[in-house]
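Subject: Structure handover

Hello,

Here is the structure for your files. My notes on what was found follow below it.

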Amino acid sequence: MGQITLNKVRKAFGDVEVIPPLDLRIEDGEFVVFVGPSGCGKSTLLRLIAGLEDVSSGAIVIDGKDATDVPPAKRGLAMVFQSYALYPHMSVRKNIAFPLKMAGLSKSEIDKRVDNAARVLNLAAYIERKPGQLSGGQRQRVAIGRAIVREPSAFLFDEPLSNLDAALRVNMRLEISELHNTLATTMVYVTHDQVEAMTMADKIVVLQAGRIEQVGSPLDLYRTPSNKFVAGFIGSPRMNFIEGPEAAKYNAHTIGIRPEHLDVSNTEGAWKGVVGVSEHLGSDTFAHVLDTGLSEGMTVRASGEVALNHGDTVFMTPQPDKIHRFDEQGLRLS
Amino acid sequence: MATQHSRAAARAMLSPSVLLLLAWMIIPLSMTLYFSFLRFNLLMPGMEEWAGFDNYRYFLTDPAFWYAMRNTLVLVGGVLVITIVGGTLLGLLLDQDFFGQGIVRVLVIAPFFVMPTVSALVWKNMFMNPVNGLFAHFAQALGLQPFDFLAQAPLLSIIVIVAWQWLPFATLILLTALQSLDSEQLEAAEMDGASPLSRFIYIVVPHLSRAITVVILIQTIFLLSVFAEILVTTNGGPGYASTNLTYLVYVQSLLQFDVGGGSAGGVVAIILANIVAIFLMRMIGKNLES
Ligand SMILES: Nc1ncnc2c1ncn2[C@@H]1O[C@H](COP(=O)(O)OP(=O)(O)O)[C@@H](O)[C@H]1O
Ligand SMILES: [Mg+2]
């Protein structure tokens with residue numbers, strides 16, 4: 001079991017309200033990602049769930065029981081910290097065994113569980129080493145190992161991959177997703193990286209300034225962002241926004257169109273512009289098109305083989321059913 | 001200092017100070033060694049003669065020597081225990097947020113700036129004096145017989161005085177070590193189900209081990225040569241009850257005018273200090289490696 005409900009949870013540090021009252025339901029076995037820009041209160045929200053911070057008001061219910069005043073250790077949750085928070089003077093084995101030792105398990109049971117975790121996470125080769133002698137990816141695995149041996153009802157991850165290099169990040173992303181499939185335990189995962197959110201989540205919670213902007217599956221958020229913030233945050237490269245007369249044609253204050261929903265042509269199209277910088281990734285080419293006469297420069301995606309050179313004139317046509325319309329407040333017009 | 005050239009330059013520039021330090025050490029050391037083999041009494045100037053190991057034999061067989069040896073070790077050990085336990089507790093206390101933190105920290109550091117002679121006199125006359133002392137007043141207020149600390153428990157009294165002086169140093173070092181402890185480690189331990197006591201034992205104490213090692217090593221150097229506190233309070237007495245090696249050397253060479261015997265005592269003290277140093281480095285030196 002690992003069902004978590006937040007009822008009107010509010011958090012203020014002194015006079016500063018970091019999280020205005022907020023409701024959220026996390027189902028058992030779900031992989032939920034909190035995503036939002038830095039400083040929007042993701043870590044704070046996670047720490048409230050963990051019990052490392054007290055809520056200012058509201059209630060946290062875990063598996064049907066009110067856990068608002070339950071100390072962290074008794075909530076049955078395990079957390080992986082951004083800094084990994086490994087105990088530097090203990091070997092990998094002792095680090096992983098620590099929660100079990102604190103729970104007063106027998107020596108043989110501890111050994112069994114630690115060996116099991118070491119096998120699942122492939123850390124048998126360096127189980128006697130100290131954290132200082134491990135690479136970033138290995139430390140990450142140990143931190144996860146320390147979390148899984150407790151067999152918690154839910155895992156909490158706070159930006160666990162932000163200290164890893166790009167290649168390792170992709171690997172660990174897959175491994176964590178795989179772990180979720182194997183264990184089928186609830187996972188709450190915090191990140192500021194929308195790619196991680198899109199690739200890993202069953203359900204994404206987009207936060208801004210402590211408020212929930214939208215909750216939904218990755219494709220829901222991609223297809224029907226409920227406001228301009230979510231539209232701009234989810235998807236890479238960013239959605240293009242156009243205001244003014246061009247938007248008025250669609251009866252909207254602002255229209256948004258993703259780079260991948262613009263058809264590019266050298267001869268004709270709805271909007272004309274001059275190619276600025278283009279980024280050739282092989283599979284795709286992203287070109288920044290300037291002087292479009294629209295409210296700002298546009299990003300377009302073309303297939304990788306298309307040659308778009310600096311200074312070329314191009315025409316762009318939006319796919320009509322992929323245009324997102326927003327009103328003055330930035331809310332979606334259906 | 002990567003290249004051959006920069007290494008050579010570094011050596012050249014270091015050598016004057018190294019030579020100076022070497023001379024500074026070698027000359028007094030060899031003079032002490034030399035005197036320790038002479039019959040050299042200040043009351044009989046010009047009568048110095050070679051004495052072989054006589055000075056050592058007299059010094060080592062003097063019953064006062066074993067008293068002094070034991071007192072030295074008890075003094076060092078006692079002060080270390082008090083300052084490290086007290087320093088850790090005070091450090092934990094000062095690490096909390098409370099009103100007037102800055103002022104309290106300055107107050108805690110203050111005893112370190114009081115000269116040993118002054119602080120020992122203050123303790124002797126204002127606290128421990130059986131007639132006028134503060135403790136005597138407390139005892140009388142409670143209807144008890146005042147306790148004459150310096151006469152009844154001279155070594156313990158000196159340990160308390162010296163520990164009071166060194167407590168700020170230990171507190172300061174241990175407080176900075178506590179402040180460098182990553183709070184996420186404590187939170188991780190909290191989530192792992194560790195009680196506050198377990199967190200202290202398994203996370204905080206290991207984190208402090210290096211700082212504690214530094215405190216032990218530095219304090220030991222100074223505590224082996226405690227002198228002023230003994231001179232102004234008990235004069236090493238009653239009997240030899242509060243005489244340490246340093247004080248015994250002083251008694252030998254300046255009160256009994258026996259420079260030869262005093263020098264032999266000095267050499268013995270050097271040997272003792274080195275034994276203690278080797279012992280300590282064996283025991284806790286590995287804490288200093290990162
Ligand atoms: N202990 C604290 N005291 C005061 N303000 C805090 C504290 N922790 C976080 N904040 C503030 O709360 C806001 C959200 O922080 P955080 O949850 O760490 O953001 P995120 O993890 O999304 O980057 C930030 O503006 C931060 O300054
Ligand atoms: Mg954060």
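Is the crossing of α5(B) and α8(B) left-handed or right-handed? The crossing of α5(B) and α8(B) is right-handed, where right-handed stands for the near helix being turned clockwise from the far one by less than a right angle, and left-handed for anticlockwise.

Before the rest, the conventions. This is a predicted model in which local features need pLDDT of at least 70 and side-chain atom pairs count only at pLDDT 80 or more, while totals for chains, interfaces and linings use all residues. Residues are numbered from 1 along each chain as its sequence is written, chains are lettered from A and ligands numbered from 1 in the order in which they are written, and side-chain values use heavy atoms, with hydrogens and water left out. Helices (H or I, at least four residues) and strands (E, at least two) are DSSP runs numbered from the N terminus.

Helix packing in chain B

Helix α5 (residues 116–127) of chain B packs against helix α8 (residues 154–179) of chain B at about 130°, the axes being 10 Å apart. Axes are lines fitted to C-alpha atoms, for helices over the stretch in contact, and angles run from 0 to 180 degrees between N-to-C directions. The two helices are therefore oblique to each other (under 35 degrees is roughly parallel, over 145 roughly antiparallel, 65 to 115 roughly perpendicular, and the rest oblique). In contact (heavy atoms within 4.5 Å) are B:Pro116, B:Ser119, B:Ala120 and B:Trp123 of α5(B) with B:Val160, B:Ile161, B:Trp164 and B:Gln165 of α8(B). These residues divide into six nonpolar, two polar and no charged; Ala, Val, Leu, Ile, Met, Phe, Trp, Tyr, Cys and Pro count as nonpolar, Asp, Glu, Lys and Arg as charged, and the others, Gly among them, as polar.

Helix α13 (residues 259–284) of chain B meets helix α1 (residues 4–36) of chain B, with axes that come within 7 Å and cross at roughly 125°. α1(B) and α13(B) are therefore oblique to each other, and their crossing is left-handed. The residues of this contact divide into seven nonpolar, four polar and no charged.

α13(B) also packs with helix α2 (residues 54–61) of chain B, at about 70° and with axes 9 Å apart. α2(B) and α13(B) are therefore roughly perpendicular to each other.

Interface of chains A and B

Chain B and chain A bury about 1,600 Å² between them, 62% of it on carbon and sulfur atoms. Buried area is the accessible area (1.4 Å probe) that two parts lose on being put together, summed over both. B:Met191, B:Asp192 and B:Tyr202 supply 43% of the area that chain B buries against chain A, more than any other three residues. The contact takes 15 residues from chain B and 22 residues from chain A.

Three salt bridges are found across the interface (a side-chain nitrogen of Lys or Arg within 4 Å of a carboxyl oxygen of Asp or Glu). One of them joins B:Asp192 to A:Arg150, with the closest N and O atoms 3.9 Å apart.

Chain A

The structure holds 23 salt bridges over all chains. Among them is A:Glu30 with A:Lys203, at 3.4 Å from N to O. A:Glu30 lies in the loop between β2 (16–26) and β3 (31–35) of chain A and A:Lys203 in strand β9 of chain A, so the pair ties together parts 173 residues apart in sequence.

Two backbone items remain. A:Ser236 and A:Pro237 are joined by a cis peptide bond, with omega about -5°. A:Ala209 is a residue other than glycine with a positive phi, near 45°.

Regards
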